[in-house]
Amino acid sequence: MVEPVERRSWLALGAATAAAFMVVVDVSIVNVAFPSIQKSLGASNAALSWIVSGYSITVGSFLLLSGRLADRQGRRKMFNLGLAIFAVGSLFSGVAPEVEVLIAARVVQAMGGSLIMPSSLAMVLPEFPVSRRSAAIGMWGAMGALGAAFGPSIGALLIEGLGWRWIFYVNLPIAALVFMASTRLVRESRDEDSEGRLDVVGVPMGTLALALVMVAIVQGEGWGYGDPRIVVFAVVGVVLLPFVVWRSRSHPNPLLDLSLFSYRSFSSATASFGLYALGFVPGFLMSSLLLQDLWGLSVLEAGLGLTPGPIMASALSVPIGRMADRWGHRWLLTSGVALCGLSYLWLLLLAGESSAYFAVFLPSSIVLGTGVGLSIATFVSAAMCDISPSRFAIANATTRTVQQVCFALGIAVVVALFSSAPADDMLVGFQRAWIWVIASFGASAALIMAAFPAGTATRRTQ
C-alpha cells in the first residue's frame, strides 16, 4: 500500500527543487559567459578561472558547516538565510564594475549555495514517509539535472538578448518567490537532541583544511603542481584532515558526524558517489570541448547539443526514485553507473577528428542520460535511506562534500591528461581523458554492487 503524502508537502518540495535548480543553473551558466565577461571587464584568463574556482572552493569548504547548522538551528531557517545570501551575491555579481568585485560576489553566492543545498532537501524529507522519500529525492535530483541541461542554453540566450549581467539578475525574482513559498509551506525541523556549542576548534580547522585541499586541487593546473603555494596548501590541508577526524571522534558536537559511517548504506553510497564524481563532471567538460574545440560547433550549438542527455536524466529521475522505494537501490545504481561508463566507451571507440554528432555523440549522450537518470539522484537517496530525519542535513552535506572534492580532483586529473597529448593530435588527449572517466565509473559500479546492502530501507527497518 502506497502511503499518502499531503499536498502541502509536494508544494514544499517544489520550492526546494526550484532553489536547487537555481543553484545548479548558476554553476553551469557562467561558463558560457566567459568571453562576454572578459571583453566587458578586461579580465585575464587567470582572473576568469577564479570566477568558477572561487565558487567551487567556497561551496566545498562550507557544506559540512552548513549541514551541521541546518540540523541544529533549523533547516528552513538556514535555507531562507542561504536564499538571501545567494540573492545578495547575485546582485553584486550583476553590478560588478571589475573582475575582482565579481569574484568576491561569486564567493558570497557560494556561501549562500552551501546553505541552500543541504537544507533544501533536509527540510522537506521529514514530510515524506520512508517508503516515498526516494521519489521525493528523485524529483529534487531531476530539477538539478534540468539545471545542468539548460544552463548553457539559458545563458547563451540571456547573454545574446540582454547581456552577461542578466545571468545573475535572473536569480533575484526566483530567490524571492522561493523564499515566500518556503516560509508559507515548509514546517521548521531540526535535530532536537543536539545540545551545546559546536566544536570551536574542530569546525574552523575542518573548514580551513577543506578550503586548502580545494585550492590545491582547483588551482594546481593554473599555478603548476610544483608551485610552492600549491605544495604548502596541499600539505597543510592533508595534515589537518586527520586532526579533524580525531577531533570529531571525541567532541560531542563535531563538524563531521562519524557515526553516519556506521551505516553500511551511507558509507558505501558516499564512497561510490565519490568515485562516480571523479568521472561525472570531467566527462561533461570533455564533451563540451569535443563539440567546440575539435568538431567546431558554436557555443549555442554546443549548448543545445549537450541537452539531450540531461533531459533524459531529468525525465527518468522521478520514476527511478519510485522504483528505488519499491525495489531498493543497489541494482539501479549499478546499472546506471555502468551505462555512464559504456557511453564514454562508445566515444573512445568511435569518435574521430571529424564531426559526427548524430552518428556518434547523440547515441552516447542518450545512453549517458539514461545512466545519470538511474544514478545521480539515487546516490543521494541511497546514502540517506537509513539515516534518521534528525540528521538529514549533515548526511546530505557530508555526501555533497565528498562529491565536490572529487569533482575538483577529477577535473584536475582530466585536464592534466588532456594537456599531456601532443599539440598536433588533440584526439589523443580526449582518449586519455575518456579512459580515466570510464575507469572511475567502473570502480564506482563495482563498489556499489559489492558493498551496498540489498533490499529497501523499509524492509531493513522491519
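Reader: Why is R187 called partly exposed?
Author: The relative accessible area of R187 is 43%. Buried means under 20%, exposed means over 50%, and partly exposed lies in between (1.4 Å probe, protein chains only). R187, at 43%, falls in between, so R187 is partly exposed.

Reader: What kind of model is this, and how are residues numbered?
Author: This is a predicted model, where local features need pLDDT of at least 70, side-chain atom pairs count only at pLDDT 80 or more, and totals for chains, interfaces and linings use all residues. Residues are numbered from 1 along each chain as its sequence is written, and side-chain values use heavy atoms, leaving out hydrogens and water.

Reader: What makes R187 and E127 a salt bridge?
Author: Their closest N and O atoms are 2.6 Å apart. A salt bridge needs a side-chain nitrogen of Lys or Arg within 4 Å of a carboxyl oxygen of Asp or Glu. The 2.6 Å contact meets that, so the pair qualifies.

Reader: Why does E127 count as buried?
Author: Its relative accessibility is 15%. That is under 20%, so E127 is buried. Salt bridges that share partners join R8, E127 and R187 into one network.

Reader: How many salt bridges does the whole structure hold?
Author: Six. One of them pairs the side chains of R106 and D26, at 2.8 Å from N to O.

Reader: Why is the R106 and D26 pair said to tie together parts of the chain?
Author: R106 lies in helix 5 (residues 99-122), D26 in helix 1 (residues 7-29), so the parts joined are 80 residues apart in sequence. Helices (H or I, at least four residues) are DSSP runs, as are strands (E, at least two), numbered from the N terminus.

Reader: Are R106 and D26 buried or exposed?
Author: Both are buried. R106 has a relative accessible area of 2%, and D26 has 1%.

Reader: How many aromatic pairs are there?
Author: The structure holds 19. In one of them, Y357 and F361, the ring centres are 5.6 Å apart and the planes stand at 25°.

Reader: Why is the pair of Y357 and F361 called stacked?
Author: Rings of Phe, Tyr and Trp (its six-membered ring) pair if their centres lie within 6.5 Å; planes under 30 degrees apart count as stacked, over 60 as edge-to-face, the rest as tilted. At 5.6 Å and 25°, Y357 and F361 meet both limits, so the pair is stacked. Both lie in helix 15 (residues 357-384), four residues apart, about one turn. Y357 and F361 are both buried.
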